[in-house]
Amino acid sequence: MLVLLALAVLITYLWSLPKPWHPDTRTAAELARQIVLPLYMGFLLPVICLGYASAAIADERTGETLVYLLTTNIPRPLVYLSKYAAALLLTLGMTLGGLAALCLVPGKIGLEALGIFWTVTACATAAYVGLFLLFSAWVRRATFLALAYALMIETLTGNIPGVVKRITVSFYAKSWLYESGEPIDLAPGGVVLGLFDPVTAATAQWVLGLASVGFVALGMWIFSRKEYD
Amino acid sequence: MNTESRVTTTLAEMRNVSKWFGPVMALNGVNLEIGSGITGLVGPNGAGKTTLLRLLTGQIKTSLGGIDVCGRDAWSARAKDHIGLCPFGDATWDELSGRKLMRVTAGMRGFTGAEARRRAESVLETVGMAKRADRPVRTYSKGMRQRIKLGQALVHDPDLLVLDEPLNGVDPVGCEELNDLFRTLAAQGKAVLVSSHILHEMDQLADRILFICRGKLLASGSLAEIRDMLDDHPLKVRISCGSPRCIAPQLLMLESVKSVSIEPPSDLLLEVQNPSRFYAEFGEFAAGNDAQVQRLKATDTSTEAVFDYLMERAARPE
């Protein structure tokens, strides 16, 4: 995970250097549109989240240490909630830290982008961690399922026109960003935006919040009933 | 087959418990009580021992029937207050030191600060790991891991201790130390359930034994009681005496003696139908005759022998 982040920071640094074909100083809007949105929000964020959250319970299963958690006097839903809290804290540290590193590499222009992205990143992290931890409670090889989800559903479905992409977390994160990023003209123009058909930021916030709570509640329900081998 | 010896204080009870995984029936209508003292759980591979232990420790739910531990449903978190489990696998959080692992385990049981430290130290002392507790668990030998796992099971002072092959990988001296520890815990009124495939371990250790095969409880009770009930397998008794040829005909006159064979130079091998009656009759006989008995030993009262008889009986068509 740290290697991926370091690679992203390197790419951002190289991108920010003045080039013969682009001698002008980079702007916050360019940083947001060319680096943070596609590279970070579209790829790194779900990958970091799945890396930590999908392993939280699945690793205890494969490592045969889950038995110690299942035989304590802590009710199973609380065990799950503790796992969620721990995974969320760890992942938030990585996602927000990674975002900050990515935004601050090009200098001052990144501060503006960071101000726009950090709340969306935090909320999307909460939703992703809830979803991937749910996978972890549900199946043994949760990382494969989470990876398939991130690549197939979030990346492919999230980029096709129509309403299907509304099942993805990234759709709501982007919708929110397009509205909050108006000062730097973050949203794409005309037809592209029409095809994307974003919801309002308020709707996106509600959906992300409810999805996070829903994923955690469903995960608690599964974890408290499932018989693990 | 349940013998009449009832457990003194019932700490765990299984009522008509069945468990199946898809089409496979792992346990079939098991009724048992576990009380204070050491109870051995014996059965071949695939008999249902692990399923029984997992049910008892609330890791899985019954398909039919109910399990109570200290009056609470085994699946509930409250029941787990009373259960300490030492699982079969070696896995634990290897990156921690033994001491840290014990404190974390105490923390998971709701003990914090000084109390968690006190319990951790006390348990490390009990399992004989206090001096080696600062090393990471990953550097421990198999025997040391067993001790640490046992410590994890004991840290909250449970009423029911469930041990899955606890002596696996422990050296003979360590085995004796741990057996002494189990006896001490049992003497404190705790219920210690020990699963083992090494049958002779149970001969001296267990107060009661549960024989399980193909998901059914074949017999439960003390070894002697179960042996007495195996009518179709007369007890074999070896007697060493001064004049075996003289006393053999007289022994044959005893009602409980089914057959006598002479094993030169000085042994007699008896087949006895009713062991308790035989011991009474033989006592009178030895006192009234100059039999010069040097040794008397039942040769098939071990856990292994009883287990073989039970398996044989179970394999027979109804």
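Predicted model: local features only at pLDDT ≥ 70, side-chain atom pairs only at ≥ 80, totals over all residues.
View 1. Chain B has 318 residues, of which 42% count as buried, and its secondary structure comes to 11 helices and 14 strands. Taken along the principal axes, the C-alpha atoms of chain B fill a box of roughly 75 × 45 × 30 Å. Among the contacts in chain B with a separation of 6 or more, 69% are made by residues 24 or more positions apart.

**View 2. The nonpolar core around Leu193(B).** The largest nonpolar core holds 73 residues, and the members that touch the most others are Leu160(B), Leu193(B) and Phe211(B). When neighbours within four places in sequence are left aside, Leu193(B) is in contact with Ile34(B), Thr39(B) and Leu41(B), and also with the run Leu160(B), Leu161(B), Val162(B) and Leu163(B). In soluble globular proteins, nonpolar side chains tend to be buried together.

**View 3. Helix α6 of chain A and its kink at Tyr149(A).** Helix α6 of chain A, residues 142-156, has 15 residues and reaches 20 Å from its first C-alpha to its last, which is close to the 21 Å expected at 1.5 Å a residue. An α-helix has 3.6 residues a turn, so residues three or four places apart point the same way.

**View 4. The contact between chains A and B.** Chain B contributes 19 residues to the contact and chain A contributes 12 residues. On the side of chain B that touches chain A, α2 (77-80) and β6 (83-86) of chain B each supply at least two residues. By class, that side of chain B is made up of 8 nonpolar, 7 polar and 4 charged residues.

**View 5. Confidence along chain A.** The mean pLDDT of chain A is 88, and 97% of its residues reach 70 or more. Among the elements of chain A, helix α9 (residues 201-225) has the highest mean pLDDT, at 96, whereas helix α8 (residues 190-196) has the lowest, at 69.

Terms used:
Residues numbered from 1 in each chain as written. Chains lettered and ligands numbered in written order. Contact = placed C-beta atoms within 7 Å. Helix = DSSP H or I, 4+ residues; strand = E, 2+ residues; numbered from the N terminus. Nonpolar A, V, L, I, M, F, W, Y, C, P; charged D, E, K, R; others polar. Core = buried A, V, L, I, M, F, W, Y, C linked by C-beta atoms within 7 Å. Buried ≥ 20, exposed ≤ 12 C-beta atoms within 10 Å, placed from the backbone. pLDDT = per-residue confidence, 0-100. Expected span 1.5 Å × (residues − 1). Bend = angle between axes of the 7 residues up to and from the residue.
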